[in-house]
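Please look over the sequence and the structure below before reading the briefing that follows.

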Amino acid sequence: MFKMIYNIARTELQMLFYSPVAWLILVVFGVQSGMLFADQLAGLVSSQEMGYDIQGSTISIFASRWGGVFTTMQNYLYFYIPLLTMSLVSKELSSGSIRLLYSSPITNTQIIVGKFFSMMIYGLIMIGILFLITLCSWAVVKDFELSMVLTGLLGLYLLICAYAAIGLFMSCLTSYQVVAAIGTLALLAALNFVGGMWQGVDLIRDITYWLSISGRADELIAGLICSEDILYFIIVIAVFLGFCIIKLQSGKQRTTWYMVFSKYVGVFIVAIFLGYLSSRPMLKFFHDSTANKIKTLTKSSQDIMSQMTGDLTITTYVNLFED
């Protein structure tokens, strides 16, 4: 089974790099990330020359909300991945070679996992480009926080894999590659905006907030590993790979539309249930990978919290117009 998955992934990668799109994306991705890194590093050098006290250089370069390398590059992934995934299955549908796959001893699961594994490898190449920038920073930045940057790379890689799973599913739905790419962009847009919908009902609000992919990698990029975020990416990947398998199975075997629809609904309901459980505060686990533990409470604050009994209510007030 694993050998067949490996062969499918290798073949898919070879076909991917035969086209100029894969090479072009790597070149553009590397140039953009390099320019961002150079701009952030130049800004820190200018501030240092003007006499400012430079603290948190690693965060400023990689995780700053105002032009950080990882923070900005995650927004570009939204456009790159659909161009890579749009042909994964749609080319099989348009050329008719999907019938050969159906008649072969290869299972639908092996086909989908193999194609997805090829995208995971391509994602590692993209992360490798950012890792080269990490090594350059490690050599020139004082008190470099390697663990925080590695956590950010993990967040970006999980985001790439989630986008790839979504794009793979959209590629299963149509034989037109352009339609698959546009459909992927539309679905990603829907997952970005769903977090602000139906906020009046507590249960619905929790579900839609969990479904939203917007900013899901922000905490990882900032150096905080949360079990909810990790499980979110794993569940989303599993759901859309499951959708892909159901779609191929429905094309291979004749079945009623409501049986297929019930399978989609069943997978979605299980995912929502697992996601809802993972978002409960008592089931969350955290690890702060920053050097100064700025993403968690201080040791003294944790000691005080551990001595408290009963419920605790925290009320915050925000004045956007305060000077």
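A disulfide is a pair of cysteine sulfur atoms within 2.5 Å, and by this rule the structure has zero disulfides. This is a predicted model, in which local features need pLDDT of at least 70 and side-chain atom pairs count only at pLDDT 80 or more, while totals for chains, interfaces and linings use all residues. Residues are numbered from 1 along each chain as its sequence is written, and side-chain values use heavy atoms, with hydrogens and water left out.

**Cysteines**
- The sulfur of Cys172 lies 3.9 Å from the closest cysteine sulfur, in Cys244, which is too far for a bond.
- Cys172 is buried, with a relative accessible area of 2%, where buried means under 20%, exposed over 50% and partly exposed in between (1.4 Å probe, protein chains only).

**Helix 2**
- Helices are DSSP runs of H or I with at least four residues, numbered from the N terminus, and the buried residues of helix 2 include Phe29, Leu36 and Leu44.
- These buried residues pack against helix 1 (2–18), helix 3 (57–62), helix 4 (69–85) and helix 7 (108–140), with contact meaning heavy atoms within 4.5 Å.

**Aromatic rings**
- Rings of Phe, Tyr and Trp (its six-membered ring) pair if their centres lie within 6.5 Å, and planes under 30 degrees apart count as stacked, over 60 as edge-to-face and the rest as tilted; the count comes to 14 aromatic pairs.
- The rings of Phe62 and Phe70 have centres 4.9 Å apart and planes at 50°, so this pair is tilted.
- Phe62 is buried, at a relative accessible area of 0%, and Phe70 is buried at 1%.

Technical notes
Helices (H or I, at least four residues) and strands (E, at least two) are DSSP runs, numbered from the N terminus.
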